[in-house]
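Please walk me through this structure.

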Amino acid sequence: MQFSEAELTAALTGVAKATLAAQDKDIRKGRVDLEDAWRDLGGYGRYQLLDALGTQLLPVLASLPDVPRVHGERPSYTAAQVRAAVEEHTDADGGRMRRKAVVLARTALVQTALAQLPPWQDPDLPPDLPPEG
């Protein structure tokens with residue numbers, strides 16, 4: 001599937017923030033705002049997180065099958081399509097159980113990334129006008 005740079009950036013950033021929130025107890029408990037924690041990571045900390053996630057997610061996102069794009073909607077994939085793309089890019093290192101766990105975790109990451117994609121805007125259609133009021 002061909003995604004734009006802006007779509008991939010939004011997807012990867014959304015997954016990185018979700019990962020940060022899952023790893024930090026203070027964010028989960030609501031003691032620290034996610035955006036504040038993201039800003040506090042600093043440029044290099046964000047780079048490290050985005051780089052690690054990007055090496056896992058970007059090849060999978062690029063190998064997803066082409067689906068028809070509908071103006072104003074995100075692309076939709078079945079769980080089987082996402083899982084097949086993840087399995088295609090997962091090494092067999094570490095045994096069957098480890099591979100199964102890696103496939104499950106990466107499938108969840110890819111589904112999170114797909115949920116973070118902005119709705120597609122058809123370049124041939126005029127941009128949506130703001131509501132009158």
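The buried residues of helix 1 are Glu7, Ala11, Leu12, Gly14, Val15, Ala16, Lys17, Thr19, Leu20 and Ala21. Buried means under 20% relative accessible area, exposed over 50%, and partly exposed in between (1.4 Å probe, protein chains only). Helices are DSSP runs of H or I with at least four residues, numbered from the N terminus. The model is predicted: local features need pLDDT of at least 70, side-chain atom pairs count only at pLDDT 80 or more, and totals for chains, interfaces and linings use all residues. Residues are numbered from 1 along each chain as its sequence is written, and side-chain values use heavy atoms, with hydrogens and water left out.

Take the length of helix 1. Its 19 residues, 5-23, should span 27 Å at 1.5 Å a residue, and the end C-alpha atoms are 27 Å apart, so the two values agree. The expected span is 1.5 Å times one less than the number of residues.

What do the buried residues of helix 1 pack against? Their partners are helix 2 (25-28), helix 3 (34-40), helix 4 (42-63) and helix 6 (96-116). Contact here means heavy atoms within 4.5 Å.

Glu7 lies in helix 1. Its relative accessible area is 7%, so Glu7 counts as buried. Beyond neighbours within four places in sequence, Glu7 contacts Arg69, Leu117, Pro118 and Trp120. Thr19 also sits in helix 1. At 16% relative accessible area, Thr19 is buried. The side chain of Thr19 reaches the backbone oxygen of Val15 at 2.8 Å. Setting aside residues up to four places away in sequence, Thr19 touches Leu49, Leu53 and Leu109.

Now move to helix 4, which holds Leu50. Leu50 counts as partly exposed because its relative accessibility is 25%. Leaving out neighbours within four places in sequence, Leu50 contacts Leu12, Thr13, Ala16 and Trp38. Leu50 and Ala6 are 44 residues apart in sequence and 15 Å apart in space, C-alpha to C-alpha.

Helix 4 also packs on helix 6, at an angle of about 75 degrees with axes 10 Å apart. Axes are lines fitted to C-alpha atoms, for helices over the stretch in contact, and angles run from 0 to 180 degrees between N-to-C directions. The two helices are therefore roughly perpendicular, a term for angles of 65 to 115 degrees. Leu53, Gln56, Leu57, Val60 and Leu61 of helix 4 meet Arg106, Leu109, Val110, Ala113 and Leu114 of helix 6.

How values were computed: Angles under 35 degrees count as roughly parallel, over 145 as roughly antiparallel, 65 to 115 as roughly perpendicular and the rest as oblique. A polar contact is a pair of N or O atoms within 3.5 Å; within protein, one must be able to donate a hydrogen and the other to accept it, and residues adjacent in sequence count only if both atoms are side-chain atoms.
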